[in-house]
Amino acid sequence: MLLTLFGYPVEHIYLWLLVINGILIILYLFFGDVIEAIDETTFIKPVLILAWIIFFSASGLIFEKLSFISSVFGMIISAIVAFLLTVLLNVFVFIPLANAEHSLSYTEESLIGRVGRIIISIPEDGFGEIFIESKSGMITKPATSIENIPISEGEEVLVLKIEKGVLYVVPYEYE
């Protein structure tokens, strides 16, 4: 006996869920940042709901086509499989990606104690420019000597403090 929901065979419902969710995922790729910017506090993210529905409908369709278990039991197994796959996707893909986005940036306070190279010389009581190599690329910032001494281009310097975006540096000497 063929199970029907809303007057349609359950296989057609699974297939329509796959198609509609495919379209929703494409729309989420384009407009997902806007949705997340509006409400960042939600516990359940829309991408997890879409992933669960995709996994549920795909596994349900596979159970309907390739197994001899009842449709109701297949739905229950599909719901469990979808839940497990969604949890794994979240834990092993989405959470590490979110953490990686934050780790690529730097704070000004993290520059204190770093060694950089002067690219525009610093005159006495004046400003120049420093670059510091980091994992995410090259950081250039305005700099001045904390001791009010001139520092020539190409010298390595040590960052001691930061005020209003300006790095206060001293010549760095290897021991």
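Which residue forms a salt bridge with Glu11? The legends below take up this pair and several other close-up views.

This is a predicted model, in which local features need pLDDT of at least 70 and side-chain atom pairs count only at pLDDT 80 or more, while totals for chains, interfaces and linings use all residues. Residues are numbered from 1 along each chain as its sequence is written, and side-chain values use heavy atoms, with hydrogens and water left out.

View 1. Glu11 forms a salt bridge with Lys65, and the closest N and O atoms of the two are 3.5 Å apart. The pair links distant parts of the chain, since Glu11 belongs to helix H1 (residues 10–38) and Lys65 to helix H2 (residues 46–66), 54 residues apart. Helices (H or I, at least four residues) and strands (E, at least two) are DSSP runs numbered from the N terminus, and a salt bridge is a side-chain nitrogen of Lys or Arg within 4 Å of a carboxyl oxygen of Asp or Glu. A search of the whole structure finds three such salt bridges. Glu11 counts as partly exposed at 21% relative accessibility, whereas Lys65, at 56%, counts as exposed; buried means under 20% relative accessible area, exposed over 50%, and partly exposed in between (1.4 Å probe, protein chains only).

**View 2. The aromatic cluster of Tyr14, Trp52 and Phe56.** Rings of Phe, Tyr and Trp (its six-membered ring) pair if their centres lie within 6.5 Å, and planes under 30 degrees apart count as stacked, over 60 as edge-to-face and the rest as tilted. By this rule the count comes to two aromatic pairs. The rings of Tyr14 and Phe56 have centres 5.8 Å apart and planes at 75°, so this pair is edge-to-face. Because Tyr14 lies in helix H1 and Phe56 in helix H2, the pair ties together parts that are 42 residues apart in sequence. Tyr14 is buried, with a relative accessible area of 2%, and Phe56 is buried as well, with a value of 14%. Trp52 and Phe56 form a stacked pair, at 5.0 Å centre to centre and with 5° between the planes. These two residues are separated by about one helical turn, being four residues apart in helix H2, and Trp52 counts as partly exposed at 30% relative accessibility.

**View 3. The closed barrel of five strands.** The strands run in the order S3-S4-S5-S7-S6, with mixed pairing, where two strands pair if DSSP finds at least two bridges between them. The twist averages 55° from one strand to the next, with axes taken as lines fitted to C-alpha atoms (for helices over the stretch in contact) and angles running from 0 to 180 degrees between N-to-C directions. Strand S4 (residues 128–134) and strand S5 (residues 137–145) run antiparallel and are joined by seven bridges, and Ile130 stands opposite Lys141 in S5.

View 4. Glu129 is partly exposed, with a relative accessible area of 24%. Leaving aside neighbours within four places in sequence, the residues in contact with Glu129 include Arg117, Ile119, Thr140 and Lys141, contact meaning heavy atoms within 4.5 Å. Glu129 and Arg117 are 12 residues apart in sequence and 8.7 Å apart in space, C-alpha to C-alpha.

View 5. The side chains of Glu156 and Arg117 meet in a salt bridge (3.2 Å, N to O). Arg117 counts as partly exposed at 34% relative accessibility. A further salt bridge joins the side chains of Lys161 and Glu163 (3.1 Å, N to O); Lys161 is partly exposed, with a relative accessible area of 31%, and Glu163 is partly exposed, with a value of 39%. Lys161 also lies over the face of Tyr168, at 5.0 Å from the ring centre, where a charge sits over a ring if NZ of Lys or CZ of Arg is within 6 Å of the ring centre and within 35 degrees of the ring normal.

**View 6. Positive phi at Asp125 and Lys164.** Most residues other than glycine have a negative phi. Asp125, in the loop between S3 and S4, has a phi near 55° and counts as exposed at 56% relative accessibility. Lys164, in the loop between S6 and strand S7 (166–171), has a positive phi of about 50° although it is not a glycine, and counts as exposed at 88% relative accessibility.
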